[in-house]
Amino acid sequence: MSTSTAAMAAADTTRAEASDAELSELRTAVRDFLSSKADEAAVRAAVDSERGYDDKVWAQIAAELGLPALALPTAYGGDGYGVVELSVVIGEMGRVLLPSPFFSTVVLAATAIVASGDAGAAERLLPGIAAGTTTATLTVPDRAGSWEPAAGTLGIHATGSGAEAVLEGSAPLVVEGGTADVVLVVADGPGGPTLYEVDATATGFARTTLRTLDLTRRVARIDFSAAPARLVGEPGAAASVVARVLDVATTALAAEQVGGARACLQMATAYAKERMQFGRPIGSFQAVKHKCADMLARVQVADAAATEAARAVDGVPGSPDPGVAAAVAHAVCSEAFMAVAAENIQVHGGIGFTWEHPAHLYYRRAKASQLLFGGPAVYYERLLRRAGV
Amino acid sequence: MPSEPDGSGMDQFVAEARAFLDEHATRRAHTSDEVAWGEGEDRITYFSTDPPEVEAAKVAAAKAWQKVRYDNGFGWITGPPEFGGRGLSTLHDLVYDGLEAEYDVPDTGVLSLIGLGMIGPTILAHGTEGLKRHYLPAMYAGDVIACQLFSEPGAGSDLAGLATRAVRDGDGWLLNGQKVWTSVAHHAAIGLALCRTDPDKPKHKGITAFLVDMSAPGVDVRPLRQMSGGAEFNEVFLTDVHVPDDHRLGPVDGGWGVALTTLMNERASVGGEGAGAAGRAVALPFLTELLRANGRLDDAAARRRLAELYADQAATEYLNHQALRRFRAGEQPGPEASVSKIMYGQNLTRGAHFAAEIVGPRLVADTGEWGTFSWTELLLATPALRILGGTEEIMKNILAERVLGLPKEPSIDTKSPFRELRRSGRAEA
């Protein structure tokens, strides 16, 4: 174990960094691809499909753009970039509300595998994730829903020692859990919260896709009934793995939220310029204009928070503490996206309240992503603790 | 990391600045993150409420320190050498500010906020060779304090609606009118005045800018007491004040362009400033000690409000970091800098009200207890933060119109002659 951990650490230090120009090229490439493959009609079709996302688009994202590999270690088929680069991709996906297993697979599962330091799991799973042929997810079924596992708080129990275990219990809210090929589970193990890997084809593994608030991100319930599982990392070591996942995932989510918020701002601004009432564009009235300015201010501040967090989590010199910056970004971007998605509907008036208008899709995503890792009560308290208060 | 351009000779500059500061100033004992609760002066100052003799001593100290900076090549780092500047980049200026912040030096705001920050750049951009030679070295050497004679009782947010008249008078001009909200006018030797020179033209097109000698006959400066108690700004009455034509900035009736230069420099200087006694008081370390001292560190409601405030403060700080990063990469700050100003005012205001809630009834009257009644000073200053340097409403118009491209309100006052407009205020053009 110690030699493979060292190998992973070595892989980590070779992290590549894109220049500002390269980041901008990456953004353009992803934006161009998504504007042709994931316009509103395509997103709505994916929402209504059985899997909840377009398999062909996912295959192209992997094969043509190579995005799942971007931030994975080079030793396992990745390009070795960091959260700064990953955030650019996720921001663009958030802008169009792309339904996709990207977040669950690349951000949640792959980060957990890398953070576990388990070279065997990395060799087994990361090349498939990098190639886009394996989808995965991670669930931390603590009763508070705060992604802070502690002994006795988890809804899944593991028995067995060594590399093999058997899981019993259920995970009520698993992101893209209805389609993932592999599910990483934090369960109560003999040494405390422990990370396990379960194959979706295993016996005793049953999943139910749930009705969701956010139509563009699927959630499933998974029941484990004597389901065979494989240990990932060390027994009882899941808490620190999840802490790292939380920093990366809330930072990536912040970028996604900024992308969504920016789309809402653009939608509202465009409408305020074209919608005529009282003989002039509604955007020339200060009541509407100031609403849009408030939205812009929130988006700018949120963008700064997400960008700074990504740099901090990547360890860019001169950045703030990553735990603090990630918690700041999670709070600020969650609040900003929610506020901007709600105001977008108000700027549109009645048309913004219709099923046909995309405004509600963003409103749904904003609220669901705000609550995904526990919600305001959890993230504000976490921020204070990270800042030492 | 991408390399940072324009860092040429920076190491040598830093060494030189460090040597200068070590020789002429003392390093601060505490960093800004350390809090000594219950120790030291119990004041949370934003606007000065000093008695006149204390204020005069501070102005003298400010002038003296600026002189030392200037004599050693740090008084005007970005200025052209022919007018006493050092000819270096804005980055050098920022680096120097960062270094100087580590030392205990007199606050030079009385010189820098208006004069060196706004009027100096305006004279440099629009002044004649003679004006530049006469005033710029004296200003940056700390000898001449300048003020901005812009706002009037009838022209606040709508600055172009100003009514102070300037009419030809022999080889010069005769000024008549009233200015208001004029910071530091009572210390100033010169003032940059915007005056109406042609009321028959539309309001933006009949304004001319002049440099006024504040000691000239007919200039009457009267202090204006603020709601916070102090008197940092003034009313300035101009009665038949003679200004020679060579003290005109820019063309006759071309004063609006001059004003825009000044205002651009104002927006660049407001916001982005987190330090100072008030900034430190509402920052997380101090507010945490406030909660601890009042037994509220475990109070869930108080913690939630503190966390909400801290999240926005930190994100605003990140916004400023990144503006600085882009600036260092060669990008000029745009109108989106208004976001920083809006956030700064809101965060400080929220911090003051949060502290007030924790202190509770001990803010109502001075019980003598450390760290309680002293919050009144900041609390009474905060309303100004959403007015000065452009009201929050004007800032939002700027964001909406210049960044988002939303249409302006149909205006009825930009094409008609100034003389025909409906205006508040008593001065008649």
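A residue counts as buried when its relative accessible area is under 20%. In this predicted model, buried residues make up 59% of the 389 residues in chain A.

**Chain A as a whole**

Chain A contains twelve helices and nine strands. Its radius of gyration is 21 Å, close to the 21 Å that the globule rule gives for 389 residues, so chain A is as compact as a globular protein of that length. Some values for the chain follow.

| Property of chain A | Value |
|---|---|
| Span of the C-alpha trace along its principal axes | about 75 × 45 × 45 Å |
| Distance between the mean positions of the positive and negative charges | 8 Å |

The charges number 31 positive and 42 negative. Now take the contacts in chain A with a separation of 6 or more. Residues 24 or more positions apart account for 74% of them.

**The nonpolar cores**

Which residues have the most contacts inside the largest nonpolar core? They are Phe102(A), Phe103(A), Leu108(A), Leu138(A), Leu195(A), Val328(A) and Trp375(B). This core has 157 residues. Helix H8 of chain A, residues 238-274, gives the most to it, with 19 residues.

Leaving aside residues up to four places away in sequence, Phe102(A) touches Trp58(A), Leu67(A), Pro68(A), Leu86(A), Val89(A), Ile90(A), Met93(A) and Val107(A).

There is also a second, separate core, with 57 residues. Among them are Ala141(B), Val144(B), Ala166(B) and Ala188(B).

Terms used: Residues are numbered from 1 along each chain as its sequence is written. Chains are lettered from A and ligands numbered from 1 in the order in which they are written. This is a predicted model: local features need pLDDT of at least 70, side-chain atom pairs count only at pLDDT 80 or more; totals for chains, interfaces and linings use all residues. Side-chain values use heavy atoms; hydrogens and water are left out. A nonpolar core is a set of buried Ala, Val, Leu, Ile, Met, Phe, Trp, Tyr and Cys residues joined through side-chain atoms within 4.5 Å. Buried means under 20% relative accessible area, exposed over 50%, partly exposed in between (1.4 Å probe, protein chains only). Helices (H or I, at least four residues) and strands (E, at least two) are DSSP runs, numbered from the N terminus. Contact means heavy atoms within 4.5 Å. The radius of gyration is taken over C-alpha atoms; the globule rule is 2.2 Å times the number of residues to the power 0.38. Lys and Arg count as positive and Asp and Glu as negative; His and the chain ends are not counted. The place of a charge is taken as NZ of Lys, CZ of Arg, CG of Asp or CD of Glu.
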